[in-house]
Amino acid sequence: MTVKLIKNGVIVTAADTYKADVLIKEGIIAKIGIDLESEADEIIDATGKYVFPGGIDPHTHLDMPFGGTVTADDFETGTKAAAFGGTTTIVDFCLTTKGKPLKESIAAWHQKADRKAVIDYGFHLMISEINDAVLAELPSIIKEEGITSLKVFMAYKNVFQADDGTLFRTMLAAKEHGAMVMVHAENGDVIDFLIHKALEEGNTDPIYHALTRPSIIEGEATGRAAKLAELAGARLYVVHVTCAEAVQQIAEARNQGVDMWGETCPQYLVLDQSQLEKPDFQGAKYVWSPPLREAHHQEVLWNALKSGQLQTLGSDHCSFNFDGQKDLGRGDFSKIPNGGPVIEDRFSLFYSEGVHQGRITLNQFVDIVSTRSAKLFGLFPQKGTIAVGSDADIVIFDPLAERILSAETHHMNVDYNPFEGLKVTGLPVSVLSRGEFVIQDCQFVGSIGAGRYVKRTPYKAANR
């Protein structure tokens, strides 16, 4: 493993911005200082560039079955695209099956990722039922597997949805063992009714995906989860927050001392509900759950990120091709596979729309795109910062480079880009994972399978 020295760059962490050199040995940051002299095997000139900690994407779905098909990106294509985009660690969602041991599902997810991932990865674990068998497995999964976050769906009735009793008992178990509970906060029972009503009335176009999942019921589910977390004394993380109603519930709960955190995604900051009205079924490309909202919610989300009411940015990458997958829902919007390709553009989009547009600071960018997720999900300080002793997961970033997002040039294994034609400012030029280049001068130079599974430590209260 070569000794590397990154010189002349501006280091940016969640707390500081300063010019210094970074010495990397054995995949670890060995020294940080001014004008470091070293017998490095390789000198990397970062003049005019920011030196960021590698991005951490806390919300991905790779090689995931859904709606009779499987996501277009697996752990090879998905992590390669992530690396091009400046992300060096992902936490993917391991789905489980009722009646089967949790460890069977975890083994299946290890098999999906092993020898494929090009960057490091961890897993969240879905909980769909709570019984004696599940409760017996959880302590060893948290301690030995290092899976310290448990996901409960409050939506997708008859598919993933768990009832409130399951959610509450999961919270109690998580509190006991030091885990974080994550929720997809929508009222699945009401959505199920509204979907059937729309279809009965002949409303089948993609826009009805949004109209049958109104923001008020995302707010209701978020508030309900907050109250259950307060009652259980549990730590709660709400994934993919899209709307003012949910932000309000999170802010109120946090102000009352509930240990609650919120994530949003680039699509909800940049795109809006009108995308689903595109003709010729093109609106299907924009079917996510929760759905894109009316444009006025975007300012609320940006303000929540700036003020700290929301703390992280996930991609919720869940890619399906338009041809052969999204079009399974022609004539019935409820059969459109939910999700879109975002893993590659998360980092640059957030820099361009956030820092470049003056909505957030450089340090807030690093905190939201990397550090806060590292702290919340038990990866810090191994990951999520540039500090002596931390993994040398580093992004050398050109803040002036401009590019146009497009399916023609992206590296995700999918036939469209939801941000097609959008110009962004800022580009990850080179990306290192544990001191080795994965991307060098915008070219992939990594190794398939070089990514390692990272066991995460139990949740510790992060600094608010």
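Notes on the model. I am working with a predicted model, in which local features need pLDDT of at least 70 and side-chain atom pairs count only at pLDDT 80 or more, while totals for chains, interfaces and linings use all residues. Residues are numbered from 1 along each chain as its sequence is written, and side-chain values use heavy atoms, with hydrogens and water left out.

Entry on cis bonds. I noted that the peptide bond from Ser-289 to Pro-290 is cis, with omega near -5 degrees. I also found a cis bond from Phe-380 to Pro-381, where omega is near 0 degrees, and I placed Pro-381 in the loop between helix H12 (362–376) and strand S16 (394–404).

Entry on positive phi. Glu-26 has a phi near 55 degrees, a positive value in a residue other than glycine, and I found Glu-26 in the loop between strand S2 (17–25) and strand S3 (28–33). Arg-434, which is not a glycine either, has a positive phi of about 50 degrees and lies in the loop between strand S17 (423–433) and strand S18 (436–440). I then checked accessibility, taking buried as under 20% relative accessible area, exposed as over 50% and partly exposed as in between (1.4 Å probe, protein chains only). Glu-26 is exposed at 62%, whereas Arg-434 counts as buried at 12%.

Entry on the sheet. I traced an open sheet of eight strands in the order S6-S9-S10-S11-S12-S13-S14-S15, with parallel pairing; two strands pair if DSSP finds at least two bridges between them. Strand S6 (55–60) and strand S15 (312–313) stand at the edges with a single partner strand each, so one side of each is left without a neighbour in the sheet. Within the sheet I looked at strand S11 (residues 149–153) and strand S12 (residues 180–184), which run parallel and are joined by five bridges, and I saw that Phe-153 stands opposite His-184 in S12.

Entry on helices against the sheet. Helix H11 (residues 346–356) packs on the sheet and touches S6, S9 and S15, its direction making about 115 degrees with that of S6. Helix H1 (residues 75–84) lies across strand S9 (87–94) and strand S10 (120–126), and I recorded about 140 degrees between H1 and S9. For these entries, contact means heavy atoms within 4.5 Å, and axes are lines fitted to C-alpha atoms, for helices over the stretch in contact, with angles from 0 to 180 degrees between N-to-C directions.

Entry on Glu-420. I found Glu-420 in the loop between S16 and S17, and Glu-420 is partly exposed, with a relative accessible area of 46%. Leaving aside neighbours within four places in sequence, I listed Leu-405, Ser-406 and Ala-407 as the residues in contact with Glu-420. The C-alpha atoms of Glu-420 and Asp-393, which are 27 residues apart along the chain, are separated by 29 Å.

Note on methods:
Helices (H or I, at least four residues) and strands (E, at least two) are DSSP runs, numbered from the N terminus.
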